[in-house]
Amino acid sequence: MGAFVVTVASIILAKRLPLLSPLFSVLFSLSIGALLAAVSLLSERMYGNNIVGLAVIATASVALAILFVYRSKTLTVGPTYRRILVLSLLAYVLVLIKLSVVRAVYPDFFSGFAFEAYFGFAAIGVVIASLFLLMDYDDIYEGVNQGIRKRFEWLLAFSLVLGMLWLYIKILLLLRVLLRFG
Amino acid sequence: MFEVRTISTPIMAMMRVDDRQPPAVQADQRMKLYGDAASADTATYTGVFSKSAIMLVLAIASAYAFAVWLIQEGFTYLSIA
């Protein structure tokens, strides 16, 4: 819980105080490392099958694939793309919260289609995280090409690392669903 | 206008030149983001990716240390970590 609080606080403060972003980037890295260890260890203990190694390889592969997509201009990032992606994320989070409440009230709600529901939401999470990574690449490309100040390098790096680790968590969750029901 | 997103999480805050503001405010925001035209103090790919690498190495080192500690403690503290 402590690591989670430090992680969220670092994210918010790095944005509010960009000049101190190097400090908050380090704090963020250390705290999210603890969170990742907890999630990864639990996953490995519950599901085995080298799930963590698989998730790391899958994350690296997806990150490289998204970089290729960005460089080949298959998908371009514009204001509409950003708006749609942010709205998709908000909708995703709201639906997840709502379904969590429903599941808490009616534990058997998903009993008939558990795999489809869990897999669907996990897969959508991976897609959204991947598309956010595309936005991170675009931020870096545009920022460097438009001559943004050096002090913002930490902020751009922060955004990229956050995107990658978020993708890792989402892929880990997807693998957990596959191993649980597979 | 290019927007530097500071985070890519659901919080999604932006730091940008706001083109709805008066020109003087926009100029001030632009100065903060880009400096003056002659400024050589600009971000580079090497700078961004080396900092990303530093952050990733720190996160992995922290994860490893925490995992070792958790295993030694027999996962006792996981619920409050």
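Reader: Hi! Reading along the sequence, what pattern does chain B follow?
Author: Chain B runs β-β-α-α along its sequence. Keep in mind as we go that this is a predicted model.

Reader: Thanks! And how many helices and strands are in chain B?
Author: Chain B has two helices and two strands.

Reader: How much of chain B is buried?
Author: Buried residues account for 19% of the 81 residues in chain B.

Reader: Let's pick one residue there. Where is B:Leu58 found?
Author: B:Leu58 sits in helix H2 of chain B, which covers residues 45-72.

Reader: What does B:Leu58 touch, leaving out residues up to four places away in sequence?
Author: With those left out, B:Leu58 touches A:Val26, A:Ser29, A:Leu30 and A:Gly33.

Reader: And why does B:Leu58 count as partly exposed?
Author: B:Leu58 has 19 C-beta neighbours inside 10 Å. A residue is called buried at 20 or more, and exposed at 12 or fewer, so a count in between is partly exposed.

Reader: Over to chain A, then. What span should helix H2 of chain A have?
Author: H2(A) is residues 21-47, and at 1.5 Å a residue its 27 residues should span 39 Å. The C-alpha atoms at its ends are 37 Å apart, which agrees.

Reader: Which residue follows H2(A)?
Author: A:Gly48 follows H2(A), and its phi is positive, near 60 degrees.

Reader: Which residue has a positive phi although it is not a glycine?
Author: A:Lys73, with a phi of about 60 degrees. A:Lys73 lies in the loop between H3 and H4 of chain A.

Reader: Is A:Lys73 buried or exposed?
Author: A:Lys73 is exposed, having 7 other C-beta atoms within 10 Å.

Reader: Now the helix packing. How are two packed helices described?
Author: By the angle between their axes and the distance between the axes.

Reader: Great, so at what angle do H4 and H5 of chain A pack?
Author: H4(A), residues 79-105, and H5(A), residues 114-145, pack at about 150 degrees, and their axes are 11 Å apart. The two helices are therefore roughly antiparallel to each other, and their crossing is left-handed.

Reader: Which residues make that contact between H4(A) and H5(A)?
Author: From H4(A) they include A:Leu85, A:Leu89 and A:Tyr92, and from H5(A) they include A:Phe121, A:Ile128 and A:Phe132. By class, the residues of this contact are 10 nonpolar, two polar and one charged.

Reader: What about H3 and H6 of chain A, how far apart are their axes?
Author: The axes of H3(A), residues 51-71, and H6(A), residues 153-181, are 9 Å apart, and the helices pack at an angle of about 130 degrees. That angle makes H3(A) oblique to H6(A). The crossing of H3(A) and H6(A) is right-handed.

Reader: Which residues meet there?
Author: Among them are A:Ile51, A:Leu54 and A:Val62 in H3(A), which meet residues of H6(A) including A:Met164, A:Ile171 and A:Leu175. The contact of H3(A) with H6(A) has 13 nonpolar residues, one polar and one charged.

Reader: One last thing: how many residues of H6(A) are buried?
Author: In H6(A), 22 of the 29 residues are buried, so H6(A) is largely enclosed by the rest of the structure. From first C-alpha to last, H6(A) reaches 42 Å, close to the 42 Å expected at 1.5 Å a residue.

Notes: Residues are numbered from 1 along each chain as its sequence is written. Chains are lettered from A and ligands numbered from 1 in the order in which they are written. This is a predicted model: local features need pLDDT of at least 70, side-chain atom pairs count only at pLDDT 80 or more; totals for chains, interfaces and linings use all residues. Axes are lines fitted to C-alpha atoms, for helices over the stretch in contact, and angles run from 0 to 180 degrees between N-to-C directions. Helices (H or I, at least four residues) and strands (E, at least two) are DSSP runs, numbered from the N terminus. Angles under 35 degrees count as roughly parallel, over 145 as roughly antiparallel, 65 to 115 as roughly perpendicular and the rest as oblique. A crossing is left-handed if the near helix is turned anticlockwise from the far one by less than a right angle, and right-handed if clockwise. Two residues are in contact if their C-beta atoms, placed from the backbone, lie within 7 Å. Ala, Val, Leu, Ile, Met, Phe, Trp, Tyr, Cys and Pro count as nonpolar, Asp, Glu, Lys and Arg as charged, and the others, Gly among them, as polar. The expected span of a helix is 1.5 Å times one less than its number of residues.
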